[in-house]
Each structure stands twice: as C-alpha cells, then as structure tokens.
Amino acid sequence: MADQKVISRQTGVEDTQYKWGFEFDIESEVAPKGLNEGTVRFISAKKKEPDWLLKWRLKAFEHWVDQGDDASPKWAKLNFEDIDFQDIIYYAAPKSSDDAPKSLDDVDPEILEAFDKLGIPLHEQEKLSGVAIDAVLDSVSVATTYQDMLKEAGVIFCPISEAVQKYPDLVQKYLGSVVPYSDNFYATLNSAVFSDGSFCYVPPGVRCPIELMTYFRINEADSGQFERTLIIADEGSYVSYLEGCTAPMRKSHQLHAAVVELVALKDAEIKYSTLQNWYPGDKNGEGGVYNFVTKRGAARGENSKISWTQVETGSAITWKYPSVILQGDNSVGEFYSVALVNNYQQADTGTKMIHIGKNTKSTIIAKGISAGKAQSTYRGQVSILPGADNARNFTQCDSLLIGDECGAHTVPYIEVRNPTAKMGHEATTSKVNDDQLFYLQQRGIDLEESNYMIINGFCRGIFKELPFEFAMEASQLLRVSLEGTVG
Amino acid sequence: MQETSLILNKYEEDFDSISSNNPKWSSDLRNKAMDTFREIGFPVRRKGNEKWKYTNARPIASVEYSSAKFEKIDSDDIKLIAPWHESWINLLFVNGHYQETFSDNLSTNIQISNMASDDLAVNLTSNVGGIMDYSDDGFAALNTAFMSDGPIITVPEGENSGIVINLIFYNQGLSDTVNYPRVLITTGGNSTVNVIENYVGGSGDQTFTNSVSEIYVGEDATVNHYRLMNETDDTYDVGYGRVRIDTNGTFNSRSFFRGCGIGRYDLNVSIEGENASCDLQGLYFTNGAQHMDNFINIDHVRPNCQSNLFYKGILAGRSRAVFGGTVLVRKEAQKTDSIQSDKNLILSPHAEVDSKPALFIYADDVKCAHGATAGNIDADTVFYMRSRGIDLEAASRLIIYGFAGEIIDTVEIPELRSYLAESFLNSLPSHRFEF
C-alpha cells in the first residue's frame with residue numbers, strides 16, 4: 001500500500017481542504033423534485049419491483065405522511081434549519097445504466113473514469129488488494145467487481161435492486177426485519193424511497209474470501225441519497241464489509257438518509273467498517289451533507305458477533321447510532337468510533353447495545369475530536385434486559401478539544417434490569433496535553449505535526465480495528481481534516 | 001384530559017382560599033408562580049421530555065390533593081423517626097407548618113425567621129424565589145405559589161461556630177394532602193453553616209411532599225447540607241435544591257434516600273464565582289416498589305472551579321432508581337476540574353437502574369471525567385469471607401454495608417453519621433442473597 005489513493009486523491013480543487021468536492025459531468029435521469037405517492041411508485045416502477053415491495057414502500061410512505069414532519073427526532077444536540085422534504089430529488093440515476101451493464105466492459109467509460117478520479121478503481125485488473133467493490137452513484141449501483149470469485153465461494157454481493165429480482169425470498173425475509181419501516185422518521189422515509197444499496201448474503205460455513213466494499217457518491221445537485229444495505233451472514237459464516245462515501249461541494253445542504261441492516265445467525269460474524277467523508281460544508285458552515293443514518297445489526301444466533309467500526313470526518317451534520325441487538329446467547333457486539341468535527345460541523349453519534357440473550361458481551365470505544373466551532377456529542381445507550389444473565393458491557397468515550405470555541409459532550413444512557421449484569425462506563429474530556437506537545441516540539445517536530453501525532457495516537461485503538469488499507473486511509477483523512485486547527 | 005383540568009381547578013380553589021392569609025410581601029411572587037403553573041402544568045409528557053425520561057410524573061399529578069392543615073403532634077414521637085440532638089437547633093414543621101423548636105436555648109448569631117411572617121425586613125424576603133427558576137417546572141412553580149411556613153436562615157459574615165440546624169419536615173400522612181416545605185439559606189462572607197433537612201412521615205393514601213430549598217453560598221463561605229428522605233411508600237416526594245456559589249465558596253451536599261413511593265430530588269448547583277467548589281454525594285437504597293430519581297445538574301460558569309458528583313445506589317425488591325447527572329462547563333469556565341460517578345449494586349432480579357451521567361463541555365482547558373457502574377455482589381468476595389467462617393448472610397450484609405459506608409463515612413456531624421449508619425444497617429433486607 002505505497003499508493004495513497006484508495007479513496008482520497010488530490011483533484012486540484014483550489015481553496016479547500018475537501019479533496020473530493022468536484023462533480024462529474026454525467027447525464028442523469030432524475031425524478032421531479034418532491035415527494036408524493038407518485039414518487040414512490042415511480043421509483044418502484046423504475047426498479048421493476050414486485051408487488052410486495054411496492055406495498056411495503058407505500059405502507060412506509062403512508063406512515064411517514066401520517067406522523068408529519070414534527071415527528072423528526074429533536075432530541076439530538078444538533079442545530080439546523082428544518083428540511084424541506086419537497087425540495088429534494090428522490091431519484092437520480094446515471095442515464096446509461098438503463099441498459100444494465102452485463103460486465104465492467106459495458107459500463108459507461110465516463111463512470112469508470114469518474115470513480116477512477118475518486119481513487120476507486122473499478123477495473124478488476126487494477127487489483128486493489130482483493131476488495132470487491134459495489135459502486136453506487138446517486139441512486140443506483142453502477143458496477144460490482146470480482147463477481148467470479150464471489151460466485152465461486154457462493155457469496156451473493158450485488159445491488160439490492162438486483163437482489164430483489166434474483167433473490168426475492170431472501171430480501172423479503174430480511175428486509176425491514178432489523179429496522180422496521182416504522183422505526184424512526186428517517187428510516188421510514190428511507191423505506192418509502194430507498195433507491196439502491198448493497199445486498200450481501202454469505203451462505204452457511206463460508207468465510208467470504210475478500211473484503212466487500214460499497215462506495216457511495218452523491219453527484220446530482222439537490223438530490224438526496226437514500227440507500228439501503230442488507231447483509232446476512234448465515235450460520236458459521238464471516239464477512240468483512242467496508243463502506244466509503246463522498247459528495248461534491250455545493251452551497252446547499254444535501255440529505256443522506258440511509259438504512260443499514262445486518263443479520264448474523266448462529267456462529268456468524270459481521271465486521272462493518274465505515275469511512276464517512278461526505279462533504280462537510282465550507283469554513284463558514286455553508287453547504288454540506290446532512291447524514292441521518294439508521295444502522296442496526298441483529299446478532300440473532302448463538303455465539304454470533306457484530307462489530308461496527310466507523311471513522312466519521314465528513315458531513316455538516318451527523319446523526320447516526322450503529323446499534324447491535326444481542327439476541328442470541330453468548331453473542332458479542334462491538335462499536336469502535338472516531339468522530340472528528342471541524343469548523344461548523346456537528347455530530348451526534350454513538351451506539352445502542354441491547355442485551356437480550358444470556359452471557360452477551362458488548363464493548364464500546366468512542367473517540368470524539370472537536371475543533372474550530374464544531375460540536376460533537378457521544379450519545380449511547382446500553383440496555384440490559386431482565387433475561388440477559390451475566391451480560392457484560394464496557395464503555396469508554398474520550399473527547400479531545402482543540403481550541404476554545406468548540407464543544408464535546410457525552411450523554412450515555414445506562415439501563416440495567418438484571419442483577420448479574422456487570423457494566424462499566426467511563427469517559428474523559430480534555431485538550432491535547434501541553435507536556436506532550438512540548439516534548440515533541442523540543443525534538444524538532446513542528447506544532448501541527450506534533451498535534452497530528454498525538455491525535456493519531458489518541459485514535460490508534462480504533463484505527464487498528466479497520467482493515468489495513470482503510471486504516472492508512474483513515475490516518476490520512478485525519479491529517480487532512482485537522483489541517484489549520486492549530487496556530 | 002378532562003380529569004386533569006378538574007384537578008387543576010382544585011389548585012385554583014386552594015390558591016384563592018389561601019391568598020388572604022399570605023404575607024403581603026409574597027403575593028407578587030405567588031401570583032407569578034401560579035400563572036406559570038397555569039401555563040405549563042405538570043411535566044407529564046412522556047415523549048421528548050428528557051428531564052423526566054425515566055420517571056413518570058402522572059401518578060403524582062393525577063391525584064386531587066388538598067393543602068395539608070397544621071395539627072399539633074407530640075414531638076417525642078418525632079424524636080424516634082428523625083435524627084436530632086440537644087446540641088443542634090431542631091425545628092419541627094408539621095404538614096408544612098411550623099410547630100416548635102425542641103432544643104435548649106442555644107445562643108447563635110445565625111438568624112432564623114419564618115417566611116410566613118408579614119413583618120419581615122426586605123433584605124430577608126427579597127431573596128425568596130431568587131435562585132429557584134420555576135419557569136419550566138410545574139412542581140417548583142406550585143411550591144412557590146403555595147409555600148407557607150419555612151425557615152429563612154441568614155448566616156452573618158464570619159460566623160463559624162459550627163452549629164447544626166436540623167429541619168424536620170414531618171408529613172402527618174393525611175390522605176390526599178399536599179404540603180409545601182420551603183427553605184432559604186443565605187451565607188455571608190467567610191462563614192460556615194451546617195443544615196440538615198429531614199423529610200419524614202407519611203402513611204394514609206397518597207400524600208405529596210413538594211419542597212424547594214434555595215441556598216446561596218457567599219464569598220469564602222461553606223455550606224454543609226444534608227438531606228434525608230425517609231417517608232412511607234404511600235408518599236410522593238418531589239424536592240428541589242437550588243444552589244448558587246460565589247467566589248471561593250464551598251458547597252457540600254450529602255443526600256440519603258431511604259423511602260417514599262415515587263421520589264425525586266432535583267439538585268442544581270450553579271458555580272458562579274472563581275475558585276469555588278462543590279462536592280455532591282448521595283446514597284439511595286430502594287426497596288419494594290419504590291422509585292427514586294436523582295436529577296443533578298452542575299453548571300460551571302466561572303473558571304478555576306472544581307466539582308465532584310458521586311452517588312451510590314443499592315436496589316432491592318421491584319424498585320427502580322434513576323440517576324441523571326449533568327455537568328455543564330461553559331465557555332468561560334476554563335481550568336475546570338470535574339468528576340462524576342454513579343455506582344449501583346443491584347440485589348434483586350426485579351430491580352432496575354437507569355443511569356445517565358452526561359457531560360456538556362464548551363471549554364477546552366478542562367479535566368472532566370465521568371463513570372457509571374452497575375453489578376451485583378462480587379461472588380469472589382463472598383467466597384473469601386465464607387472461607388474465613390463468615391456465613392453468607394453476614395458476608396452479604398458486610399459487603400453492602402461497606403459499599404454504602406463510603407458515602408456515610410463522609411458525614412462530618414458525628415451524631416448524624418452514627419444515626420445514618422445504624423438506621424441503614426437496620427433497613428437492609430434480611431433475606432439471603434442467591435448466588
């Protein structure tokens with residue numbers, strides 16, 4: 001990995017630290033602005049969806065309309081103007097994808113070039129240490145690599161719209177089983193209008209031979225992105241899944257409301273890593289992506305394990321709580337997070353660990369870094385229900401403040417209803433240690449580099465949970481995001 | 001909803017009937033508070049009501065109470081159920097009304113006046129309602145509208161005799177009644193005062209104690225404040241402590257919960273002077289179907305201050321305990337040093353603890369930490385003790401006592417400390433713990 005262009009790549013965009021802010025000139029087919037029943041039917045028809053799915057979408061839409069805009073969650077420590085849901089494009093697709101490419105050779109070269117520019121090589125010959133990539137541009141998946149190798153292993157990895165056609169039973173069985181359509185305001189919206197996303201099914205006893213990756217990109221102006229990801233690890237299987245995202249720089253805010261559902265059956269393990277780098281807005285807080293995401297995993301079977309790792313550096317606003325429902329006995333849930341906010345960014349992020357089965361274990365390590373005028377909040381819930389004998393939880397959240405105009409907040413909710421549970425929560429907040437900075441500087445390392453080294457060390461525990469290439473990338477991303485925070 | 005409006009009518013009637021007897025100085029304050037109460041009502045909303053997330057106020061709010069009337073009682077009975085000592089200034093309030101002081105005539109420089117008097121100096125009355133902000137709190141507004149007798153404790157500059165003022169608020173337990181204890185403590189520069197607030201009594205169906213204490217800690221002054229809740233399970237208790245600390249001031253609070261049906265102590269400490277500190281510790285022991293909610297806010301306004309928030313809970317039976325601690329460090333409050341911790345020992349499979357230790361930090365040069373734990377008695381420790389010949393029950397009691405002792409031992413008034421230790425030991429559940 002000498003080459004640092006997995007996701008980031010210098011693009012020559014001037015006057016900005018955000019290196020992914022260009023837009024591609026790709027012709028798109030878009031739905032008219034606004035949301036009504038017609039929009040939902042339009043999306044469903046575009047995808048040639050079966051009747052049951054359309055009905056499900058409509059049920060979600062009806063629920064969303066019934067509860068009204070007031071039902072959007074207000075409890076998070078976030079300030080933003082109300083979103084006009086009628087001012088969003090709910091479906092945008094690159095035109096060429098209408099005649100579905102059969103192989104990479106059929107993919108529009110413009111799209112391939114676009115992803116190449118982002119540092120996501122979709123050509124299989126440009127092997128990227130064996131990562132199978134599903135690339136999603138605006139509302140549709142444009143390419144999925146390494147199909148042959150996956151086929152051989154029996155792993156299904158394809159756009160969810162394709163899965164609906166090819167594996168309707170699997171999709172129908174699991175879609176909405178972890179995040180029901182009525183779960184929360186944004187999840188309901190997503191259920192009604194979700195466009196595409198990845199679907200993955202790992203059959204019993206299979207260890208997925210390569211890392212799976214989805215790369216999300218919002219391109220079209222004024223469009224929202226509503227992807228839906230569903231991953232199922234059948235008994236005794238293992239899969240590691242990565243997700244990355246970027247968006248062009250725009251003056252207006254863009255909405256991203258995704259839903260991710262994970263299901264781990266008996267003895268299965270899912271490792272889900274995210275490098276979230278949506279456009280964070282400019283120095284004055286103008287523009288940027290609203291990232292309102294519902295991510296939840298169900299550790300359904302005995303001895304199953306779900307692990308979330310996230311590095312959040314982008315988005316104007318992040319509202320995201322990847323959770324694990326520990327249903328199976330001896331199941332394990334993990335959450336590792338680095339959230340870095342700068343300028344006017346706001347992040348309210350954390351996790352939920354719901355212990356239901358016996359001997360369930362969860363670990364939460366969250367690191368928050370605030371700089372500029374940004375506000376970051378860790379909000380996490382650990383619930384130990386009456387049946388969860390011998391449940392264990394350990395939570396640690398540390399916050400680092402850079403500068404005196406930012407804020408770092410910690411709001412844990414701990415609910416224990418079983419006396420055999422053992423849970424511990426600890427949190428600290430401080431600034432970068434002056435003594436450490438002094439030591440590094442007197443060894444000839446400049447202030448900015450010293451700062452970066454200390455913060456990188458602060459995050460190291462999380463980065464090591466990421467797959468190797470991603471860890472390098474995360475480190476780089478951290479450096480870029482920290483630029484200009486000292487001095 | 002109709003039911004609720006009926007009940008609100010009852011408060012209106014009562015308000016009209018008491019207004020003629022109230023001291024003139026308080027009528028503006030009461031009218032304003034009543035207006036607020038009319039506007040906001042009780043905090044019974046279940047959705048999006050973060051301050052009352054784990055406690056449902058509806059059972060308390062849906063009873064039609066009448067204001068409790070004074071009835072003289074034998075003070076010897078009280079001496080059996082509340083801590084007291086000859087060397088303390090003991091003041092007894094029955095159903096929110098002052099009865100007597102049972103101490104030898106102690107000479108002190110501390111001035112204690114009754115709020116219900118008409119002829120109070122303006123410098124005494126002007127502070128009533130000055131710290132308690134009831135604008136978004138129906139219960140506190142109600143107390144302000146209905147308060148009757150209550151001590152105004154004024155500690156003069158330099159007063160350091162170490163005297164203990166023991167306030168006993170006895171609720172006689174007349175069915176469907178509410179009483180409104182109210183306390184104001186102001187301290188002059190470089191003074192020290194020890195105050196114990198006892199909330200005892202109850203029985204009868206559904207009685208409600210709704211109290212507010214306002215405490216002003218002056219420059220270089222120290223207030224040691226003890227609060228004991230020991231009411232019967234038919235009692236609801238919603239109490240407020242509102243504290244402001246000036247430069248170099250120190251506020252120490254020890255709060256002990258032993259009983260009442262649904263209880264809540266909402267303590268808010270605002271550190272408004274530099275180099276000031278507060279140390280808030282508490283012990284809650286819930287049993288049966290009791291519900292106790294400790295809702296504590298520390299607001300660091302000025303730099304170079306310290307706060308320590310340390311609560312411990314023991315939960316038995318089907319009880320439920322809630323700990324909501326919030327430390328806010330404002331932008332100006334650099335060099336803040338703050339620790340927050342909540343530790344729970346759960347003895348029963350039917351008990352529940354909900355803990356929310358939150359930090360909101362807007363200053364960068366600070367040291368803030370918080371922690372929370374929950375678990376049951378450590379089996380290894382019990383095994384060790386049993387291997388030394390201590391039986392299971394004694395071993396369990398010893399461990400629980402050791403857990404609670406960490407808070408009880410910090411009580412600096414010896415008579416109160418031994419009272420608490422003894423009454424705590426006696427109240428421990430006697431059943432054998434299962435391992």
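Predicted model: local features only at pLDDT ≥ 70, side-chain atom pairs only at ≥ 80, totals over all residues.
Good morning. The area buried between chain B and chain A is about 2,700 Å², and carbon and sulfur atoms give 51% of it. Buried area here is the accessible area (1.4 Å probe) that two parts lose on being put together, summed over both. In chain B, Tyr362(B), Asp364(B) and His370(B) lose the most area to chain A, together 21% of what that side buries.

Residues are numbered from 1 along each chain as its sequence is written, chains are lettered from A and ligands numbered from 1 in the order in which they are written, and side-chain values use heavy atoms, with hydrogens and water left out.

Let us stay with the interface. How many residues does each chain bring to the contact? Chain B contributes 35 residues and chain A contributes 32, where contact means heavy atoms within 4.5 Å. Across this interface, 15 residue pairs are in polar contact, both residues being at pLDDT 80 or more. A polar contact is a pair of N or O atoms within 3.5 Å; within protein, one must be able to donate a hydrogen and the other to accept it, and residues adjacent in sequence count only if both atoms are side-chain atoms. On the side of chain B that touches chain A, strand S20 (352-361) and strand S21 (367-375) each supply at least two residues. The largest share of that side, ten residues, comes from S20(B). Helices (H or I, at least four residues) and strands (E, at least two) are DSSP runs, numbered from the N terminus.

I turn now to charged pairs. Side chains of opposite charge can pair when their charged atoms come close. A salt bridge is counted when a side-chain nitrogen of Lys or Arg lies within 4 Å of a carboxyl oxygen of Asp or Glu. Between chain B and chain A there are two salt bridges. In one of them, Arg417(A) pairs with Glu352(B), with the closest N and O atoms 3.3 Å apart. Lys431(A) also forms a salt bridge, with Asp365(B), at 3.9 Å between the closest N and O atoms. This pair crosses between chains, from strand S24 (residues 422-431) of chain A to the loop between S20 and S21 of chain B. Lys431(A) counts as partly exposed, because its relative accessibility is 23%. The cut-offs are as follows: buried means under 20% relative accessible area, exposed over 50%, and partly exposed in between (1.4 Å probe, protein chains only).

Over all chains, the whole structure holds 40 salt bridges. Within chain A, the side chains of Arg228(A) and Glu261(A) meet in one, at 3.0 Å from N to O. The two residues are 33 residues apart, Arg228(A) in strand S8 (residues 228-233) and Glu261(A) in strand S11 (residues 259-264) of chain A.

In chain B, Lys51(B) forms a salt bridge with Asp137(B), the closest N and O atoms being 3.8 Å apart. Lys51(B) lies in the loop between helix H2 (27-40) and helix H3 (58-61), and Asp137(B), 86 residues apart from it, in the loop between helix H5 (122-125) and H6. Lys51(B) is partly exposed at 29% relative accessible area, whereas Asp137(B) is buried at 2%.

Next, helix H6 itself. Nine of the nine residues of H6 (residues 138-146) of chain B are buried, so this helix is largely enclosed by the rest of the structure. Among them are Phe139(B), Leu142(B) and Phe146(B).

Beyond its neighbours within four places in sequence, Leu167(B) is in contact with residues including Leu91(B), Phe93(B) and Ile153(B).

Finally, chain A as a whole. Chain A has ten helices and 24 strands, and 62% of its 487 residues count as buried. One buried residue is Asn342(A), with a relative accessible area of 7%, found in the loop between strand S17 (332-341) and strand S18 (346-349). Thank you for your attention.
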